[in-house]
Amino acid sequence: MRWDSQTYWALDLETSGLSPADQILSAGMVPIRQGVICYGEHFYSLVRPQAGLPLSREGIRAHHIVPAELEAAPSLAEVLEAIHLRLSQGVLLLHHAPVDLGFLRRAYGHLRRPWPKPRVLDTVGLIAKLQERQRRLEPYSRPLPTGLAEARAYFGLPPHLEHHALYDALATAELFLLLRSRLGAQTLRQLR
């Protein structure tokens with residue numbers, strides 16, 4: 001199956017922290033259809049956290065989401081429904097998948113919804129594939145950066161607004177297209 005016959009939904013979540021007790025504060029998704037980013041079809045939403053969730057100063061400095069913005073935001077159930085609709089359309093594309101997958105799985109569990117088991121591609125995994133190929137050619141080559149901003153800079157992609165779910169999703173989609181091209185992958189299997 002050709003890689004561009006699939007729809008990919010790049011997703012990013014901003015959270016109140018990285019522990020299992022933390023919550024999703026915003027979600028952004030950007031589709032790639034027939035190998036093209038379709039930004040006009042993006043999804044973005046803040047998420048109203050459960051009552052009493054304190055936001056840390058460090059978190060506010062990182063993602064610039066303040067408590068007052070979250071008061072009128074849709075509930076986790078509403079946002080998860082919008083995410084779920086998109087997950088059923090194709091491949092879930094993440095940067096450093098374990099983090100966002102962990103939050104998504106916990107959200108599904110919290111709402112007592114079955115996990116849909118989407119096909120997942122991780123741009124960090126694609127960087128590792130490229131690194132492996134590079135090491136075969138140059139055994140002592142320096143490691144490739146795996147942070148989203150650092151990887152984009154390394155590959156010559158422009159900087160983006162960091163720690164904003166929609167812009168990080170877009171940045172992931174752009175990085176994916178570049179990595180797919182560098183790897184010369186023609187099928188979905190070659191990307192996995």
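Q: In the loop between which two elements does K117 lie?
A: The structure is a predicted model, in which local features need pLDDT of at least 70, side-chain atom pairs count only at pLDDT 80 or more, and totals for chains, interfaces and linings use all residues. Residues are numbered from 1 along each chain as its sequence is written, while side-chain values use heavy atoms, with hydrogens and water left out. Helices (H or I, at least four residues) and strands (E, at least two) are DSSP runs numbered from the N terminus. With elements named in this way, K117 belongs to the loop between α4 and β6.

Q: Does K117 count as buried or exposed?
A: A residue is buried under 20% relative accessible area, exposed over 50% and partly exposed in between, with a 1.4 Å probe and protein chains only. The relative accessibility of K117 is 68%, so K117 counts as exposed.

Q: What is the value of phi near which R112 lies?
A: Most residues other than glycine have a negative phi. R112, which is found in the loop between α4 and β6 (119-122), is exposed with a relative accessible area of 76%. Its phi is positive although R112 is not a glycine, and the value is near 55°.

Q: What radius of gyration does the protein have?
A: Taken along the principal axes, the C-alpha atoms of the protein fill a box of roughly 55 × 35 × 30 Å. The radius of gyration is taken over C-alpha atoms, and the globule rule is 2.2 Å times the number of residues to the power 0.38. With 192 residues, a compact globule would therefore have a value near 16 Å, and the protein agrees with this at 17 Å.

Q: What percentage of the contacts between residues at least 6 apart in sequence join residues at least 24 apart?
A: A contact means heavy atoms within 4.5 Å. Buried residues make up 48% of the 192 residues in the protein. Of the contacts between residues at least 6 apart in sequence, the share that joins residues at least 24 apart is 66%.

Q: By how many Å are the C-alpha atoms of Q89 and T7 separated?
A: Q89 lies in the loop between α3 and β5 (91-94), where its relative accessibility of 38% makes it partly exposed. Leaving aside neighbours within four places in sequence, Q89 is in contact with T7, W9 and R33. Although Q89 and T7 are 82 residues apart along the chain, their C-alpha atoms are separated by 6.6 Å.

Q: How far apart in space are E58 and G17, C-alpha to C-alpha?
A: E58 is found in helix α1 (residues 57-63), and with 53% relative accessibility it counts as exposed. In sequence, E58 and G17 are 41 residues apart, and the distance from C-alpha to C-alpha is 9.2 Å.

Q: How are α3 and α4 oriented to each other?
A: Axes are lines fitted to C-alpha atoms, for helices over the stretch in contact, and angles run from 0 to 180 degrees between N-to-C directions. Helix α3 (residues 76-87) and helix α4 (residues 97-110) pack with their axes 11 Å apart and at an angle of about 120°. Angles under 35 degrees count as roughly parallel, over 145 as roughly antiparallel, 65 to 115 as roughly perpendicular and the rest as oblique. The angle therefore makes the orientation of α3 to α4 oblique.

Q: How do the residues of the contact of α3 with α4 divide into nonpolar, polar and charged?
A: The contact is made by L76, L80, I83, H84 and L87 of α3 and by L104, A107, Y108 and H110 of α4. Ala, Val, Leu, Ile, Met, Phe, Trp, Tyr, Cys and Pro count as nonpolar, Asp, Glu, Lys and Arg as charged, and the others, Gly among them, as polar. The residues of this contact divide into seven nonpolar, two polar and no charged.

Q: What is the relative accessible area of T123?
A: T123 lies in helix α5 (residues 123-137). Not counting residues up to four places away in sequence, T123 touches L93, L94, H95, T172, L175, F176 and L179. T123 is buried because its relative accessible area is 0%.

Q: At roughly what angle do the axes of α5 and α7 cross?
A: Helix α7 comprises residues 165-183, and its axis comes within 10 Å of the axis of α5, with a crossing angle of roughly 25°.
That makes α5 roughly parallel to α7, at roughly 25°.
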